[in-house]
Amino acid sequence: MAAALAASGMLPTADLFLRRKLTRPHFCANIEELVGNMKVFCGRANPTTGSLEWLEEDEHYDYHQEIARSSYADMLHDKDRNIKYYQGIRAAVSRVKDRGQKALVLDIGTGTGLLSMMAVTAGADFCYAIEENCEAVPHKATVYAQLVESRRMWSWNKLFPVHVQTSLGEQVIVPPSELERCPGAPSVYDIQLNQVPSTDFTALSDVLPMFSVDFSKQVSSSAACHSKQFVPLASGQAQVVLSWWDIEMDPEGKITCTMAPFWAQTNPQELQWRDHWMQCVYFLPQEEPVVQGSPRCLVAHHDDYCVWYSLQRTSADENEEVYQVRPVCDCQAHLLWNRPRFGEINDQDRTDQYAQALRTVLMPGTICLCVSDGSLLSLLAHHLGAEQVFTVESSAASYRLMKRIFKANHLEDKVSIIKKRPELLTSADLEGKKVSLLLGEPFFATSLLPWHNLYFWYVRTSVDQHLEPGAVVMPQAASLYAMIVEFRDLWRIRSPCGDCEGFDVHIMDDMIKHSLDFRESREAEPHPLWEYPCRSLSEPQQILTFDFQQPVPQKPVRAEGSMELRRPGKSHGAVLWMEYHLTPDSTVSTGLMNPLEDKGDCCWNPHCKQAVYFLSTTVDPRVPLDGPQSVSYAVEFHPLTGDITMEFRLADTLN
């Protein structure tokens with residue numbers, strides 16, 4: 001009898017590589033041998049300048065990226081997971097040997113080899129193969145779901161009416177009927193549900209066990225569905241399904257590891273932080289009313305590609321399972337806008353801030369050119385009095401979506417939409433007119449790091465010939481800010497593990513560090529910090545300023561300085577974000593939202609990802625920080641490539 005160890009997460013979670021750390025969209029296209037070394041030429045769509053570039057990379061480029069971005073450290077810091085795996089492996093090996101058989105182990109997805117070492121230490125005879133009846137660790141996984149009503153989470157999936165106060169009264173920008181009817185995309189939205197306040201949603205059902213997977217048996221890839229009848233806890237609009245999974249390490253279910261959020265935990269004080277196994281948010285195809293006490297059925301559907309949920313009326317045969325075809329987005333919005341972008345567009349306070357800034361710059365006869373991807377700013381400009389509004393959409397999907405929005409609001413003849421890259425604009429596209437207001441959020445779908453939206457500056461430079469003398473550019477400028485923070489948990493993804501349940505994993509630590517030092521340790525990576533609590537150790541500091549009233553400069557812009565650490569704590573990293581100065585009196589932040597307090601966590605913009613530069617000398621939480629300290633920095637903007645290079649270093653102010 002063999003024991004199979006399943007080390008990777010099979011059920012609802014998105015690829016962390018795509019979710020968190022991909023900062024350089026590229027494709028490898030050709031290989032050449034230069035001076036005896038193999039070199040890889042990679043094509044990169046530059047998100048800041050908008051140009052296609054060919055970069056020469058070391059032949060081990062992809063290898064080091066894969067190692068540097070692995071989640072092994074995060075998983076090995078999950079003590080609860082490790083203990084439960086070790087207990088489950090010991091129990092499985094013991095059961096096999098009690099039957100008088102050899103314990104032959106197959107470690108599926110070995111990674112660091114931790115589970116193999118656990119198995120051998122637990123008495124396994126060998127670690128390499130599997131026989132037709134297996135003891136699987138984990139033995140079983142169960143997917144749970146909870147139906148909720150949540151305006152905040154529903155705003156990540158649908159476009160709400162947008163209200164604009166004008167001199168003629170309130171105008172409402174309504175979503176097109178195609179978007180309201182669209183079932184959306186079935187892709188999972190994995191988030192740290194523990195950071196969603198319980199006041200942000202109303203539970204309409206208890207926690208429901210939807211289906212289980214027995215890892216000791218062959219799993220069918222055929223499409224299937226699983227229904228669960230429930231009695232609504234309250235009346236409301238069924239909109240969102242919150243989902244997670246538990247794993248049982250043994251057949252008796254005595255050794256379990258739960259991914260449940262805090263409100264579904266029996267001991268929330270012992271909550272284990274994880275970034276490798278997260279909770280999920282799914283959206284129903286349409287919101288539906290439910291009535292307290294009137295039974296309904298929640299149905300989980302899955303095929304070999306994804307999972308989705310639907311709400312059904314209870315049928316005469318309660319065991320009947322109704323299969324639904326996987327929902328497909330046909331409105332374009334769910335293909336163009338990601339979940340945070342939906343939330344950003346639906347943020348009425350943000351809209352009001354842009355509208356107020358527009359009122360101060362719009363003059364009689366204003367000719368407005370809007371440059372952003374899938375933005376409603378052109379509609380705001382029209383409603384607030386611009387004489388003529390042009391908007392540029394470079395992608396076909398964005399063009400079609402905006403055409404539908406204009407038509408739904410009877411503005412297809414009032415706002416001119418140009419399907420073209422903004423750098424290619426001609427005078428004929430603008431009907432021979434000069435632009436008096438260049439407008440942007442700025443937001444571009446290709447942006448990953450906060451400063452990638454500086455593409456707006458490059459667009460402003462390329463359309464300079466179309467601007468009339470004294471034309472207004474909004475935002476008029478942007479600033480790059482930085483602040484040193486102590487993370488509650490996020491430091492674990494970069495921290496060495498050293499010893500894990502009595503096993504020495506320094507070799508893995510050294511391997512990851514070597515790959516990080518290849519490049520990644522000197523770069524920032526994007527994270528949605530509203531999901532990852534941290535506290536500030538320094539005041540926010542303006543590092544660089546970009547003047548959009550002027551074209552992009554020819555020479556690099558460099559800043560050097562230091563940030564004093566005013567609060568005690570471990571300096572895990574520097575957080576960087578952009579602030580856009582719409583007018584002298586109005587600034588929109590993509591990062592810090594509220595003034596800092598000496599106690600408590602920072603409040604971050606929930607619609608944007610901030611950049612985190614991990615301080616490599618202090619990723620190990622065991623490193624003491626004694627005495628007054630500061631962090632020195634050197635940051636440089638390179639106009640030719642649009643890149644921002646940086647280095648942050650701890651420095652003792654006493655030296």
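**Exercise 1.** Determine whether S155 is buried or exposed, and identify where S155 lies and which residues S155 touches.

*Solution.* Step 1: S155 has a relative accessible area of 10% and is therefore buried (buried means under 20% relative accessible area, exposed over 50%, with a 1.4 Å probe and protein chains only). The model is predicted, so local features need pLDDT of at least 70 and side-chain atom pairs count only at pLDDT 80 or more, while totals for chains, interfaces and linings use all residues. Residues are numbered from 1 along each chain as its sequence is written, and side-chain values use heavy atoms, leaving out hydrogens and water.

Step 1: Not counting residues up to four places away in sequence, S155 touches F160, F342, G343 and N346 (contact means heavy atoms within 4.5 Å).

**Exercise 2.** Identify which residues of α14 are buried and which exposed residues lie on the face turned away from the buried side.

*Solution.* Step 1: Helix α14 spans residues 506–518, 13 residues in total, and reaches 18 Å from its first C-alpha to its last, close to the expected 18 Å (1.5 Å times one less than the number of residues).

Step 1: M508, D509, I512, S515 and L516 are buried in α14. These residues lie on the same side of α14 because they cover an arc of only 135° around the axis (taken from the directions from the helix axis to the C-beta atoms).

Step 2: The face turned away from the buried side of α14 carries the exposed residues I507, D510, K513 and H514.

Conventions
Helices (H or I, at least four residues) and strands (E, at least two) are DSSP runs, numbered from the N terminus.
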